[in-house]
Amino acid sequence: MAHRVFFATDSACVPALSSHAPCLGECVIKASSTSSPNAVELRGITKRFPGVVANHDIDITVRRGTVHALVGENGAGKSTLMKILYGMQKPDEGTITVDGEQVTFNSPGDAIVRGVGMVHQHFMLADNLTVLENVVLGSEKLYGIGDKARAKIKEISDAYGLGVRPDVLVEDLGVADRQRVEILKVLYRGARTLILDEPTAVLVPQEVDALFDNLRELKAEGLTVIFISHKLGEVLSVADEITVIRRGTTVGTADPKQTTTKQLAELMVGAELPSPETRESTVTDVPMLTVQDLSLSAVDPDGVVRAVLSGISFTIHKGEVLGIAGVEGNGQSELVDTIMGMRTADGGVVTLDGADISAAPTRKRREDGIGCIPEDRHRHGLLLEAPLWENRILGHVTEKPNSKGAILDLKAARRDTERIVREYDVRTPGIDVTAASLSGGNQQKLIVGREMSHDPKLLIAAHPTRGVDVGAQAQIWDQIREARREGLAVLLISADLDELIGLSDTLRVMYRGRLVADADPATITPEQLGSAMTGAAAGHLEHDESPESPAGAEGTDGPEDEAR
Amino acid sequence: MKKFDKERVLLAIAAPVLAIVAAFLITALVLAATGKEPFSAFGIMFDYGVKSDSQVYIINKATTYYLAGIAVAIGFRMNLFNIGVDGQYRLAAFFAAAVGGALTLPGIIQIPLIIVTAMIVGAMWAGVAGLLKTTRGVSEVVSTIMLNFIATAIIGYLLQPGRLGHLDAAGTKVATTPLPESSHFFEFPTTPTPIYGFVVVAAIAGIGYWFTLSRTRFGFDLRTVGQSETAASASGVNVKKMVVTSMLISGGMAGLIGMPTLLNDSYEFGGDFPVGIGFTGIAIALLGRNHPIGIALAAILWAFLERGGQQLEFENYDREIVGVMQGVIVLCVVIAYEVVRRYGVKRQQRQVGEKLAAQARSNDTTEVSA
């Protein structure tokens, strides 16, 4: 399989994975920083919560003037660890050393005094205030709230190439600009070590590049960056050193120059990665879903009407998985919403199993056999505060076993919930607990179980394994494959290119609301797919037989590090 | 699983009990601050409140309050704040009284006609807010408050001699034409005053509310919208239609609020028709956690406090103390529910975590030994 070649070429390199061995000088980019003491040292950090040990025996050494990446699966304990370092939580055991001095942080305020600042994943900015006001808020004593503060902001912004304008309203800024304001906020408070929690999760590839440039700038000025992520391609491109966390403890460090994403992933997971690959083809020639010339326009926040979907046409046959690749925000969610009937298309025809459903409401479409694993399960797939059995009814309230006529059949619904919990291995103490108390993976398994329980003709799976642990991921893939063998048509949307290539029978690339290219998953590589996703290629993507590039980046997800 | 449920019930009861105890304590402090002995005041209220004529009064008042609580609770379950229950029930009662006074049909036809008129008027008035919300995005909080004022103005305009009102013989009071004798609702003969027969309708309304919300598809859809509009729309509920429908139902229920008074007591709509019950309904729905039985208990408590407060005046206490107490209860209830809810969520997450960690540990050991 061609897309596996990308790993195979990489594995020729010697892996440089060693347990807790400090990285040697060759990964240091600025020679000046080698002599200084470590910016942060964590030794033997253990943190217990009732019933769980979030962190145990964590050892991390972050050298000054480097970008140090912390990688691990969701729930591995990265965030808890960073909360400890930032003073939001106190460790039960272990020591924190900042700039060679052992410290105890009781609050984020203490951490800031020591020069440790954090940029949260969810921005903490007041939309209706200006950048200046947001930056000085809470730190009015530092440089006042007037011209002195403005001058300081300018100074910091220029020094690190952040390009922050102090007098614009935050609500007028895009996501990337807001992130830079957050970074500036931390620098303004005198931070020398920045913790960035999943900073690229909200950015598009170009913005990621710009962020990485900023980080290199910070590094060049002798600042230290701790970068939390699970996007391995990005980590390899920006980090000077990588620490891997698994099940709450550090399992090793890696040198990004000599490590591949696959090795890193296996270190993260502690096992061979499951493969999304689909073996035999089950595609039939019976069309299940036909979309003809679908178009949709929306009014964006500036009041401008723009097309979000235009001229979308495709057919999914029984037993076929159609994968849609694309950078997020290029119309994929809108496409799902339109097929589900949650948005009304401006034009075009949607046919399901021979019946025109273009005008049918969502409920009718669901009853007719469309199952949906939504992109954002908390917003669209679950009632978080309702018990599991009510969540099992959600979306299928008119169908058996949930109701008889207009009356709910609670007994049958509860019994069926127990079946789903059993068959889909939802880890829960019972069906009366709320959905919110389950982990993401188990929530997803419940959703998959629910959608599969109504014999769908078409399954729309948007990022079906996002935020799901590896075990659950393999299971969800198995279930999709199983259903496909029985004649299910699947519309798969995913940002995980390996998943997309591995599961799909046909691939289409979506760019700015159009399907711009198609590819054969048997021959395409993630790199080619990635470049098509940025709009660089169109039409039918042919597999290029020239040797693979050795960089372990996943398409546009991982911009290359121009060794500076 | 059994244990899980028992603790959950305990948690559910903890909040209102906590709130009421806290409210009594705070009221005691207020009384003490004004130089009055607090606990004898509570004693007076209690002694007077349980007297047999007080019981009748409380049941009759609670009937009205219960309907108000249910009307508000329907909105709450949808995450809609129908502040307009007040205007809806007054307008409904007014038109129902006007229709009832104008006709002399047999009671078996006329009484349902009056009730249906009230429900339709209430529903229409609430429906205006529903339509404004779905078509123009106007918050129902704002529009229903405005509609309350408009309802007051409409009643003020129409309730005049020569329009729908007329001056009584004494020349002191303007009211609608009294209902004919045949349109009086039945009552339970008790001394000295009878219990309203409408308490039966209120009970039916409560059962209907419970059944519709927890046992029907429609109720499930309605609750889904209340919990998450996005999930509801993804699951196939037409959210806009549901907003209008639930406003109509809430308004229709609000139409019933004035009926115990109209059909069992005043038999006409005059300037002295009770006002402000819609707002009481908000407090009662909050206190009763939108639960049909909780609302009944809250309605009875409210009526009891009011009854007890009447006696305080004769004992040289300020009767406003009851208002203070009711206000404090509402505040405490809101706080206590949030505290208990958060505690409950945390507690459950912890329990789930513990159980799963225990399972995982036993799995791990088997894997190792395997």
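This is a predicted model: local features need pLDDT of at least 70, side-chain atom pairs count only at pLDDT 80 or more; totals for chains, interfaces and linings use all residues.
View 1. The expected span is 1.5 Å times one less than the number of residues, while helices (H or I, at least four residues) and strands (E, at least two) are DSSP runs numbered from the N terminus. H3(B) is followed by B:Asn79, which has a positive phi near 70 degrees.

**View 2. The contact between chain A and chain B.** Chain A brings 37 residues to the contact and chain B brings 34 residues, where contact means heavy atoms within 4.5 Å. The area buried between the two chains is about 3,000 Å², with 59% of it given by carbon and sulfur atoms; buried area is the accessible area (1.4 Å probe) that two parts lose on being put together, summed over both. The rule finds 3 salt bridges across this interface, a salt bridge being a side-chain nitrogen of Lys or Arg within 4 Å of a carboxyl oxygen of Asp or Glu. In a salt bridge, the side chains of B:Asp221 and A:Arg363 meet at 2.6 Å, N to O.

**View 3. A cis peptide bond in a loop of chain A.** The peptide bond that joins A:Lys400 and A:Pro401 is cis, with omega about 0 degrees. A:Pro401 lies in the loop between helix H14 (388–393) and strand E18 (403–404) of chain A.

**View 4. Two arginines with positive phi.** A:Arg512, in the loop between strand E22 (506–511) and strand E23 (514–519) of chain A, is not a glycine, and yet has a positive phi of about 50 degrees. At 61% relative accessibility A:Arg512 counts as exposed, whereas B:Arg289, at 37%, counts as partly exposed; the classes are buried under 20% relative accessible area, exposed over 50% and partly exposed in between (1.4 Å probe, protein chains only). B:Arg289 has a positive phi near 55 degrees and sits in the loop between helix H12 (277–287) and helix H13 (292–314) of chain B.

**Notes on all views.** Residues are numbered from 1 along each chain as its sequence is written, and chains are lettered from A and ligands numbered from 1 in the order in which they are written.

Key:
Side-chain values use heavy atoms; hydrogens and water are left out.
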